[in-house]
Amino acid sequence: MIAEAAKKLPFQVFPFKPKTTSKIPGGAIIVLQEWWGVNDQIKIHAQRLADSTGALTVVPDLYKGQIGLTAEEASHLMNSLDWRAAVGELTELTQQLYEAKYRNVGSIGFCMGGGLSLALASRMAEKPRPLKAAVTCYGTPPADLFDVRDITRQTAVQGHFGGKDTMAGFSDPAAADALEFNLKENALKAAEIFRYPDQGHAFLNDTDWSIQKRKELGFVNKDADPKSAELKIRDLAWSRISTFFINNLGGDTRVD
């Protein structure tokens, strides 16, 4: 059903079905890209989340086929993205998921995608069927375009931020604190922000290419081995994310 619906959208949508017996009946999660675009890392995240929750996960290609291979290219692509238009397109995707009989829809994003996840939640608050859950991993939306205080109380929100993240105003500790304050000021039904004191930006990225980029950008020490050193932290964060979606989209915790 989603394949047919996606034909009406201005971007390709990559679906990932769970390879486990764990199921969330009628559950779907929109997985939103980092500034790099829809690369192998975001697809790995989407499959992992599908397997751990049993929900269908879908990755919309907001760059419409383009991928940044260097920080300069990624920055250009992100700065060229019209956030209002992108969130409008994501709203259409969400509504099509509902129309395709996915009763419980959530979103998660990483870096730029984290901000988009919260922006989508705020936009969907205007609709009859808002998102059930929204997760941001080290990203917040531009406050002049989207106010997280608009997120409806029907949407549970979770955030994950590194204590050594230096992306000022976007995902650094001050940005995480501001997000938490604004969410709790709105008295959402569930709003939890997790902080990982020793982690930098993009700490969930663990492919060889992603780790190389993290080192190039100074997010992790060049002599470090984050794939093994950060394994427990990544597992903790993913456990929290999976449980959050299972609790808010409905389902069980069996993972085979």
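Which residues are buried in α2? Q41, I42, H45, A46, Q47, L49, A50, D51, S52 and T53 are, where buried means under 20% relative accessible area with a 1.4 Å probe, protein chains only.

## Basis

This is a predicted model: local features need pLDDT of at least 70, side-chain atom pairs count only at pLDDT 80 or more, and totals for chains, interfaces and linings use all residues. Residues are numbered from 1 along each chain, and side-chain values use heavy atoms, without hydrogens or water.

## Helix α2

Helices (H or I, at least four residues) and strands (E, at least two) are DSSP runs, numbered from the N terminus. Helix α2 covers residues 40–53.

Because 10 of its 14 residues are buried, α2 is largely enclosed by the rest of the structure. Those buried residues pack against β1, β2, β3, β4, α7 and α9; contact means heavy atoms within 4.5 Å. Just after α2, G54 has a positive phi of about 85 degrees.

## Strand β5

Strand β5 spans residues 133–137, and five of its five residues are buried. A133, V135 and C137 point one way, A134 and T136 the other.

β4 and β5 run parallel, joined by five bridges; strands pair if DSSP finds at least two bridges between them. I108 has V135 of β5 as its bridge partner.

Key
Expected span 1.5 Å × (residues − 1). Buried < 20%, exposed > 50% of the residue type's maximum accessible area, 1.4 Å probe, protein only.
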